[in-house]
Amino acid sequence: MSRESGFSFLYVSEVLGRRVVDPSGSSLGKVDDLLAATGEMYPIVRGLVIRGKEIGRKLVPIPAQELRGLRRGSTLTVDSNGLEEVALGPHDFLVRELLLDQQIVDVQGAKVERVNDVHLLATDRVWIVHVDVGFTGLLRRLGAEGTVRRAWRLSGRELKDELIAWKFVQPLVELEEPGRPIRLKVEHAQIRDLHPGEIADILEDLGKDEQAMILGSLGPEAAADALEEAEEETQAAVIAQLEPSVAADILEEMDPSEAADILTSLPEAHTEEIIAELEATEREQIEQLIAYEERTAAGLMTPEFVSVPRQANVARAMAEVRRMAPEIESIYYAYVLEEGGKLVGVTTLRTLLRNEPETEIGEIMETRLVTVRPETKPKDIADIFQKYNFLACPVVDEEMRMMGVILLKHAFDELLPEFRREARA
């Protein structure tokens, strides 16, 4: 603990287990926990939870003045008339229960950490300002911090603390008790502000309950973005534990081919429950994709793509791109279709941007088409991507009707073995 006039820093481990007495010196018990409340940038510690033979488990207002001058081995004096039952409001939490030895997400570092101690600032009030995720926090709780620090200094090294500011902390313990709401969120640490890839990395470090809790805090769209960046095993594990309606909401926001891949890895009964919760359009698309053989072009394609008629102009094509952008994660090409869905040409976004709005698509489209059939195998698909440097490849039936596109981004894991074989050849 460090002290300066008017304020001091200390750790929760230095408070837990402290003997508590009343003004007459009679023992009341020991500090069992601290009660804090969110709602401001830093949670305020409102009271001590004391456990004693005579009083049971009671809450007493925090003795900020006493904590500010706390010394090793000293007792805490509290007003015994202030004892009350431990009752938590919707913004309250018990510090040891919620944080100590629990996992949290360091939002700034985008990683999962284990809390070894909690750092407090004592002024006229007591605030939680950091969590300690370092080795020193563990040593402190074992009573060995001073000894180890001295040993390190003798070896010419300094033992460093690893503190995470509270505003970057997202607790992962979800507490629910009769008559009181779930308490999870810390208002100033928003996981949803992280990049989907960072959230995916976090999910892969968590257990099932924490994964479900994180996704539940994100909302369907952000959860879908994160899952699309996760490994296949994580995708399936997360969706498998969600309620079918929740899982369906997330899958509807994903690329249909990704959603179909996840569902095919689940038990059939669970897959059917989730599919039943899907909206009609998404259900039809995903059921069709599931029906295709996995290691084929049809199994790798997505049915979502931008299409325009030959007679459309660039302005109309760009309007279609903008309309479809919220639904399609990656747009590289606009496919030119005739009546009946027959593919007759393709143009790139770059080409559209370089031409005048009134230019007719038929004048600038590429008519030498490279396509694959639904039964085409990964080796042949990989050959096409390598030969032409495509980012997407159209899938057509025997009459050149457009069925979907294979996006290199989504099919890369399936095609990677073929790329490696080609590189070794």
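A residue counts as exposed when its relative accessible area is over 50%, and as buried when that area is under 20%. In this predicted model, Leu 142 has a relative accessible area of 66%, so Leu 142 is exposed. Leu 142 belongs to helix α4, which covers residues 135-142. Together with Phe 135 and Leu 138, Leu 142 makes up a nonpolar patch on the surface. The accessible area of these three residues together is about 310 Å². An α-helix has 3.6 residues a turn, so residues three or four places apart point the same way.

Arg 140 takes part in a contact with an aromatic ring. Its charged end sits over the ring of Tyr 11, at 3.5 Å from the ring centre.

Over the whole structure, a search finds five aromatic pairs. One of them joins Phe 93 and Trp 166, which are stacked with 6.3 Å between the ring centres and 5° between the planes. Phe 93 is part of strand β9 (residues 92-94), while Trp 166 is in the loop between β14 (163-165) and β15 (169-171), so this pair ties together parts of the chain 73 residues apart in sequence. Phe 93 and Trp 166 are both buried.

A stacked pair is also formed by Tyr 388 and Phe 390, with 5.2 Å from centre to centre and 20° between the planes. Here Tyr 388 is partly exposed, at a relative accessible area of 37%.

Asn 355 lies in a loop, the one between α16 (349-354) and α17 (361-364). With a relative accessible area of 26%, Asn 355 is partly exposed. Apart from neighbours within four places in sequence, Asn 355 is in contact with Val 314 and Ile 364. Between Asn 355 and Glu 40 there are 53 Å in space, C-alpha to C-alpha, and the two are 315 residues apart in sequence.

How values were computed:
Residues are numbered from 1 along each chain as its sequence is written. This is a predicted model: local features need pLDDT of at least 70, side-chain atom pairs count only at pLDDT 80 or more; totals for chains, interfaces and linings use all residues. Side-chain values use heavy atoms; hydrogens and water are left out. Rings of Phe, Tyr and Trp (its six-membered ring) pair if their centres lie within 6.5 Å; planes under 30 degrees apart count as stacked, over 60 as edge-to-face and the rest as tilted. Helices (H or I, at least four residues) and strands (E, at least two) are DSSP runs, numbered from the N terminus. Buried means under 20% relative accessible area, exposed over 50%, partly exposed in between (1.4 Å probe, protein chains only). A charge sits over a ring if NZ of Lys or CZ of Arg is within 6 Å of the ring centre and within 35 degrees of the ring normal. Patches are made of residues with over 30% relative accessible area and no salt bridge: like charges are joined within 9 Å, nonpolar side chains (Val, Leu, Ile, Met, Phe, Trp, Tyr) within 5 Å. Accessible areas come from the Shrake-Rupley method with a 1.4 Å probe; for residues, only the protein chains shown count as cover. A salt bridge is a side-chain nitrogen of Lys or Arg within 4 Å of a carboxyl oxygen of Asp or Glu. Contact means heavy atoms within 4.5 Å.
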